[in-house]
Amino acid sequence: MRFRMGWISSFLAIAMVSLIGSQQTIAQDGWTTIFDGKTLNNWDGNPEFWRVEDGCITGQTTEAKQLKSNTFLIWRGGETADFELTLEYKLIAGNSGIQYRSFEVPNEKWAVGGYQADMEAGDNYSGINYGERFRGILALRGQKTVIGDDHKPKEVEKFAESKDIQAKIKKEDWNTYHVSAKGFTFEHRINGVLTSVVTDEDKAERRAKGILALQIHVGPPMKVQFRNIKLKTLKPEGTSGVTKKKALLLAGRHSHGFGAHDHLAGCSLLAKLINASGQPIEAEVHSLEQHGWPSDEKLAAADTIVIYSDGGEGHPFNSHLDQLNSLTLQGKGIVCIHYGVETTAGRNGDAFLNWIGGFFEPHWSVNPHWIADYKKLPEHPTTRGVKPFSTDDEWYYHMRFREKMDGVTPILTDLPPKESLSRADGPHSGNAEVRKAVLERKEPQHTAWARVRADGGRGFGTSGGHVHWNWGNDQFRKLILNAIAWTAGADVPADGVPAGHVTVEDLLQNHDEPIPADFNKATIQAMLNQWNKS
């Protein structure tokens with residue numbers, strides 16, 4: 001754990017290979033049981049400290065039998081590369097860990113170094129990523145870090161508080177640990193709660209594969225037990241060894257006429273740019289009007305689900321809450337664009353609060369057209385490479401957000417003009433609360449926001465996107481491309497996902513309404529040129 005020496009090699013990338021021994025059971029879903037519950041077949045460690053007790057791998061030190069240095073039980077069934085691992089553990093005093101993509105220390109029997117999913121009897125370190133003899137602490141709880149060529153981790157996101165994670169961990173009782181290694185990104189979860197994320201860009205020291213091992217830590221007497229140890233090998237895509245993420249863009253039915261709510265055209269443009277970006281993410285468009293609700297297989301294959309459609313009582317998500325709840329519990333992302341952020345209060349709204357952190361609630365939120373000027377953007381993966389911008393759109397505001405903005409980061413914020421509340425009160429046009437907030441208290445309003453859930457899944461909502469031509473704004477478009485990549489679990493580059501060069505001709509593709517005979521391409525192109533001249 002935190003007292004161990006640190007440095008040597010590096011991080012994740014490929015798959016568990018050459019499974020050995022008849023005791024391993026491979027299920028149809030790809031999970032392999034690597035401990036038979038009876039023996040230490042395929043496991044190698046010091047027999048003075050490791051045994052099978054009550055159907056569990058058990059490591060123990062006592063007052064009479066103590067360690068001079070950390071010792072490990074090494075799995076001899078293959079190497080870890082790109083994989084998922086799940087097991088249950090119970091710890092009595094001391095601390096322990098799960099080594100992966102690791103190495104055996106030369107001339108020291110049962111000594112291991114590498115990436116470690118940590119666990120302890122205390123209140124601070126369970127769930128961190130620790131580099132045993134390998135650069136030290138790589139990510140604390142609640143941190144997402146990136147390790148650069150200087151071999152040092154840098155926090156790029158704080159997604160949870162350590163004390164909140166600790167509250168989900170049971171003392172001296174069974175907990176479930178889940179480790180995911182995909183490409184060079186590593187995620188740890190305990191009891192379904194994301195605890196740390198590391199992306200290792202340290203090309204000199206990161207490790208693409210290595211051994212799996214369990215730890216007993218030097219120090220006072222301790223006991224650790226492991227059971228239900230299962231491993232799933234993942235196949236990397238492409239020559240880089242990085243598994244591509246998948247985004248499913250759901251295009252809603254046509255509704256508003258040419259140039260507004262062009263769901264199919266907007267989704268098609270975004271998907272085209274994602275697939276041409278060179279990033280480890282691919283996108284597919286699914287037309288709800290042409291094909292109905294997507295198949296279970298298509299939804300299961302997606303890492304993030306993007307909805308650009310009409311909403312309210314008829315929101316496509318409303319009749320699929322249970323299915324979407326199940327998918328998000330698996331860590332899948334959700335992105336809602338424009339009318340796609342509106343649903344109804346109650347069960348529907350509660351689901352949106354969990355998935356993306358906020359929603360348009362009738363008789364609370366409003367939907368005026370106004371010119372928003374986003375002069376300052378927060379530091380967040382979705383804003384990488386995005387410059388301040390301004391557009392005239394139907395920017396909904398006064399959203400219903402999670403209490404105290406729990407897990408929600410505002411992304412686009414501006415104070416709407418008083419003219420935006422000039423209409424009479426109604427389900428979308430105004431109410432006493434929004435007038436107090438904007439006209440009396442002068443509270444800036446959030447029109448795009450990001451959410452990290454306790455399970456590590458990510459959500460994003462934006463109220464922009466009514467006016468189709470605004471997809472020609474390089475900054476707005478890059479923000480949404482970043483959001484799709486981020487919610488899919490892909491790493492957003494420092495300068496953002498390439499947003500391409502979009503012309504009027506690009507914006508005229510895949511419309512679900514006929515192009516009017518008097519449509520003036522030159523006017524729209526001049527607007528694009530003005531937006532994107534810098």
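Helices (H or I, at least four residues) and strands (E, at least two) are DSSP runs, numbered from the N terminus. You have a predicted model open, where local features need pLDDT of at least 70 and side-chain atom pairs count only at pLDDT 80 or more, while totals for chains, interfaces and linings use all residues. Residues are numbered from 1 along each chain as its sequence is written, and side-chain values use heavy atoms, with hydrogens and water left out.

**Stop 1: the largest cavity**

Select β7, residues 83-92: this strand gives the most to the lining of the largest cavity, with three residues. A cavity here is a set of points, on a 1 Å grid over the protein atoms alone, where a 1.4 Å probe fits but cannot get out; a pocket is an open set with protein on both sides within 12 Å along at least five of seven lines, and lining residues have an atom within 4 Å of a point. The structure has three cavities of 30 Å³ or more, and the largest holds about 90 Å³ of space, a volume being the space filled by probe spheres set on the points, which are joined across faces, edges and corners. Now show Leu91, Glu120, Lys170, Lys171 and Glu172, which lie nearest the centre among its 14 lining residues. Colour the lining by class and you get four nonpolar, four polar and six charged residues. (Ala, Val, Leu, Ile, Met, Phe, Trp, Tyr, Cys and Pro count as nonpolar, Asp, Glu, Lys and Arg as charged, and the others, Gly among them, as polar.)

**Stop 2: an antiparallel sheet**

Next, pick out the open sheet of seven strands that runs β3-β6-β17-β8-β9-β10-β11, with antiparallel pairing. Two strands pair if DSSP finds at least two bridges between them. At the edges, β3 (43-44) and β11 (136-139) each pair on one side only. Zoom in on β3 and β6 (residues 71-80), joined by two bridges, and find Trp43 opposite Trp75 in β6.

**Stop 3**

Arg76 sits in β6 and Asp44 in β3, 32 residues apart.

Are Arg101 and Asp82 buried or exposed? Select both: Arg101 and Asp82 are buried (under 20% relative accessible area, with exposed over 50% and partly exposed in between; 1.4 Å probe, protein chains only). Their salt bridge has its closest N and O atoms 2.8 Å apart. Arg101 is in β8 (residues 95-104) and Asp82 in the loop between β6 and β7, so the pair ties together parts 19 residues apart in sequence.

**Stop 4: the mixed sheet**

Move on to β20-β19-β21-β22-β29-β28-β27, an open sheet of seven strands with mixed pairing. Its edge strands, β20 (281-287) and β27 (408-414), have a single partner each, so one side of each is left without a neighbour in the sheet. Inside, four bridges join the parallel strands β22 (residues 333-337) and β29 (residues 458-462); look for Cys336 opposite Gly461 in β29.

**Stop 5: the second largest pocket**

Select Phe159, Ala160, Asp406, Gly407 and Val452, the closest to its centre of the 22 lining residues. β13 gives the most to this lining, with three residues, and by class the lining has nine nonpolar, three polar and 10 charged residues.

Conventions. A salt bridge is a side-chain nitrogen of Lys or Arg within 4 Å of a carboxyl oxygen of Asp or Glu.
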